[in-house]
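Student: Hi! Could you walk me through this structure, please?
Tutor: Gladly, let's look at it together.

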Amino acid sequence: MEKRILLLIIAFMAVCLPACNMQSEPYGKFDTVPYESEDFAMGTVIKQRIFGSNAEEISRKVMERIREIEDDLTINKQGGEINKLNDFAGTDFVEVKEDTLKVLEKAKEFSELSNGAFDVTVGPLVKEWDVFSENPSVPSKDKVQSLLNLVNYKDLTIDKNQSKAKLEKKGQMVDLGAIAKGFAADEAINIYKEHNVTSAFINIGGNVALLGGKPDGSSWKVGIRDPRGSEGSYIGIVSTKDKAVVSSGDYQRYFIKDGVKYHHIIDPKTGYPADSGLIATTVVSDLSVDADALSTAIFVLGLEKGMELIENLGGVEAIFITARKKVYVTEGLKDIFQFEDGSRGYEYVKKR
Ligand code: AMP
Ligand code: MG
């Protein structure tokens, strides 16, 4: 008799308890604990943190989309639409997809806005410097001079109605390396929204995009990398929601030859790695594609001109870190940027 009751209790527990547990977790595990993933694409590590159900599947969809964008926009591997556009330089228009057209238009717009500090046609110089290669070398002055003739964003014609683009001269090359990751981060945010996610974070190699705040309603905290420290070291934190926070810097990709550091952001006016007195910049804006282009542009422009550009735009904020380890921020960041110096010797200059 007792044994039968015991068996009944065990059977009841086996059938009912998992269901009871589910009921006690009405929001699902990932509403309070994020699903986190780490992948590699666009030449960098991609980290996602998603709150909500189906997070794993959504993160996979995001990666599929990012790889699709990479395939279309990259010049670092064969195939894709930008390679085709570059192959037809000086010859003919090339038909491109709507996405590619959108990024090309943005890239040209920021080239104009920054008066060529950001230049969508900087490709030939980027290729010559090739800081990504195993054995990079410093090009000759003559080589740099001759390639400078090929760099001019005005030579990129975009025919929006017919979804076509053309480069004017043979040898010219579009390079979207300073803007494509930003576009990809915006696309990731769109995918989260389509799947009813309200709280998510993605970091594509320094391009952070935030959807909402954290599930408890508080802001996300985005660490601003110490450009002279190791990965994971910060000079401060930006607390915000629903924004893109994108950084550029001389620490991201570079090589050293005879004691001189040659980094990956080229000044299209000189043909050499930008030497504006800045070592890192961060832009905070609604769209990651804008923040990406602007962080590169102001890195080339330097503190004064960069600050002027950002202040004239409105709705966009920035952090500038100089080679002298001074940190400047625009007015709108003063309340949400928390400087954390430690002993690393940075100075937060609140007033310019
Ligand atoms: P980012 O890390 O967003 O600042 O972008 C740097 C990448 O953009 C480089 O690796 C190049 O592919 C490309 N690039 C370098 N200099 C420029 C420039 N002045 N304008 C536009 N793109 C650039
Ligand atoms: Mg950029």
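Tutor: Let's begin inside a helix: Asp292 and Thr296 both sit in helix H8 (residues 288–301), four residues apart, about one turn of the helix. Helices (H or I, at least four residues) and strands (E, at least two) are DSSP runs, numbered from the N terminus.

Student: Before we go on, what kind of model is this?
Tutor: This is a predicted model, where local features need pLDDT of at least 70, side-chain atom pairs count only at pLDDT 80 or more, and totals for chains, interfaces and linings use all residues. Residues are numbered from 1 along each chain as its sequence is written, chains are lettered from A and ligands numbered from 1 in the order in which they are written, and side-chain values use heavy atoms, with hydrogens and water left out.

Student: Is Asp292 buried or exposed?
Tutor: Asp292 counts as buried because its relative accessibility is 5%. Buried means under 20% relative accessible area, exposed over 50%, and partly exposed in between (1.4 Å probe, protein chains only). Thr296 is buried too, at 11%.

Student: And where does H7 cross H8?
Tutor: The axes of helix H7 (residues 180–194) and H8 come within 7 Å and cross at roughly 160 degrees. That makes H7 roughly antiparallel to H8. Axes are lines fitted to C-alpha atoms, for helices over the stretch in contact, and angles run from 0 to 180 degrees between N-to-C directions. Angles under 35 degrees count as roughly parallel, over 145 as roughly antiparallel, 65 to 115 as roughly perpendicular and the rest as oblique.

Student: Which residues meet there?
Tutor: On the H7 side there are Ala180, Lys181, Gly182, Phe183, Ala185 and Asp186, and they meet Ser288, Val289 and Asp292 in H8. Contact means heavy atoms within 4.5 Å.

Student: What about H2 and H7?
Tutor: Helix H2 (residues 55–73) packs with H7 at an angle of about 150 degrees, and their axes are 9 Å apart. That makes H2 roughly antiparallel to H7. Among the H2 residues in this contact are Ile58 and Leu73, and the H7 residues include Phe183 and Tyr192.

Student: Switching to strands, what order does the open sheet of three strands have?
Tutor: The order is S8-S9-S16, with antiparallel pairing. Strand S8 (220–225) and strand S16 (337–339) are the edge strands, as each pairs on one side only. Two strands pair if DSSP finds at least two bridges between them.

Student: How many bridges join S8 and S9?
Tutor: S8 and strand S9 (residues 234–240) pair over six bridges. Val222 stands opposite Val238 in S9.

Student: Last one: where is Thr44, and what is it in contact with?
Tutor: Thr44 is in strand S2 (residues 44–50) and is buried, with a relative accessible area of 14%. Leaving aside neighbours within four places in sequence, Thr44 is in contact with Asp39, Lys181, Ile204, Gly205 and Arg253.
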